[in-house]
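Let's take a walk through this model together. Keep the sequence and the 3D view open side by side, and we'll go from the overall picture down to single residues.

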Amino acid sequence: MRKATIQVTLLTALVVGSAGAWTAASANTEAKAPEKFTTFCVPCHGPAGKGDGAAAAALNPKPRNFTDGELMNAKTDAQLIKAIKEGGAAVGLSSFMPTWAGQLSDEEIKEIVTYIRSLAIPKYQPKW
Ligand code: HEC
């Protein structure tokens, strides 16, 4: 009797546990990256990533326009990740682009790069 109860409890924990992991995984690029992007990046890069956020007026050079595929598609993921993680100065760009290593995990930065890539016109084609 007791043994059966323990088995049922274990099974429930397994099912609930894997459902939780699945929800977290599927929520990743869909919801989380744009949410962080809105909080941290939109003030400068703008709601559509066009480099026209509220703070952009005061900045020179302007924050990057992520919809500019000609320019953005020539950059590697590694370059974009470094710019986000270490700030603009680390990649030879404006030092007004802050360092995000403290606020965003590597995973979140990768998700944001995927999100930024999705804004490019013409469309970004990964080279592999
Ligand atoms: C205070 C304003 C500001 C904020 C906030 C900001 N950026 Fe920037 N960002 C800039 C500026 C300015 C540049 C550099 C443009 C230049 O030098 O031509 C830049 C450049 C970049 C680049 C480099 C693009 C390239 O051409 O290599 C990336 C990637 C980037 N930002 C991503 C982000 C992300 C992601 C966030 C939010 C986590 C963010 N930025 C928040 C101002 C900002």
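Of the 128 residues in the protein chain, 15% count as buried; a residue is buried if 20 or more other C-beta atoms lie within 10 Å of its own, exposed if 12 or fewer, and partly exposed in between, with C-beta atoms placed from the backbone. Before going on, note that this is a predicted model: local features need pLDDT of at least 70, side-chain atom pairs count only at pLDDT 80 or more, and totals for chains, interfaces and linings use all residues. Residues are numbered from 1 along each chain as its sequence is written.

What about secondary structure? The protein chain has four helices and zero strands, and from the N terminus its elements run α-α-α-α. Helices (H or I, at least four residues) and strands (E, at least two) are DSSP runs here, numbered from the N terminus. As for contacts, take the pairs in the protein chain at least 6 apart in sequence: 45% of them join residues at least 24 apart. Two residues are in contact if their C-beta atoms, placed from the backbone, lie within 7 Å.

Now for the core. The largest nonpolar core has 13 residues, and Phe37, Ile84, Ile112, Tyr115 and Ile116 touch the most other members. Helix H1 (2–45), helix H3 (77–86) and helix H4 (106–117) are the elements that give two or more residues to this core. By nonpolar core we mean a set of buried Ala, Val, Leu, Ile, Met, Phe, Trp, Tyr and Cys residues joined through C-beta atoms within 7 Å. In soluble globular proteins, nonpolar side chains tend to be buried together.

Leu80, Ala83 and Ile84 are buried in H3. Looking down the axis of H3, you'll find its buried residues within an arc of 95°, so they line one face of the helix; the arc is that of the directions from the helix axis to the C-beta atoms. An α-helix has 3.6 residues a turn, so residues three or four places apart point the same way. And what do the buried residues of H3 pack against? They pack against H4. After H3 comes Gly87, with a positive phi near 95°.

On to H4, then. Its buried residues are Ile109, Glu111, Ile112, Tyr115 and Ile116. Down the axis of H4 these buried residues fall within an arc of 160°, so they too line one face of the helix. Asp106 and Glu107, on the other side of H4, are exposed. The twelve residues of H4 should span 16 Å at 1.5 Å a residue, and the end C-alpha atoms are 16 Å apart, which agrees. The expected span is 1.5 Å times one less than the number of residues in the helix.

Next, the ligand. There are 23 residues around the ligand, and Cys41, Cys44, Leu93, Ser94 and Met97 come nearest. H1 and H3 are the elements that give two or more residues to this shell, and H1 gives the most, with five residues. A residue is near a molecule if its C-beta atom, placed from the backbone, lies within 6 Å of it. The shell divides into 17 nonpolar, four polar and two charged residues; Ala, Val, Leu, Ile, Met, Phe, Trp, Tyr, Cys and Pro count as nonpolar, Asp, Glu, Lys and Arg as charged, and the others, Gly among them, as polar.

The loops have some details too. Phe66 is in the loop between H1 and helix H2 (69–72). Is Phe66 buried or exposed? Phe66 counts as buried because 24 C-beta neighbours lie inside 10 Å. Leaving out residues up to four places away in sequence, Phe66 touches His45, Gly49, Met72, Ile116, Leu119 and Ala120. Phe66 and Gly49 are 17 residues apart in sequence but 5.3 Å apart in space, C-alpha to C-alpha.

Pro61 is also placed in the loop between H1 and H2, and the peptide bond from Asn60 to Pro61 is cis, with omega near 0°. Another cis peptide bond joins Ile121 and Pro122, with omega about -5°; Pro122 lies in the segment after H4.

Finally, Ser95 lies in the loop between H3 and H4. Ser95 counts as exposed because it has 10 C-beta neighbours inside 10 Å. Beyond its neighbours within four places in sequence, Ser95 is in contact with Gly87, Gly88 and Ala89.
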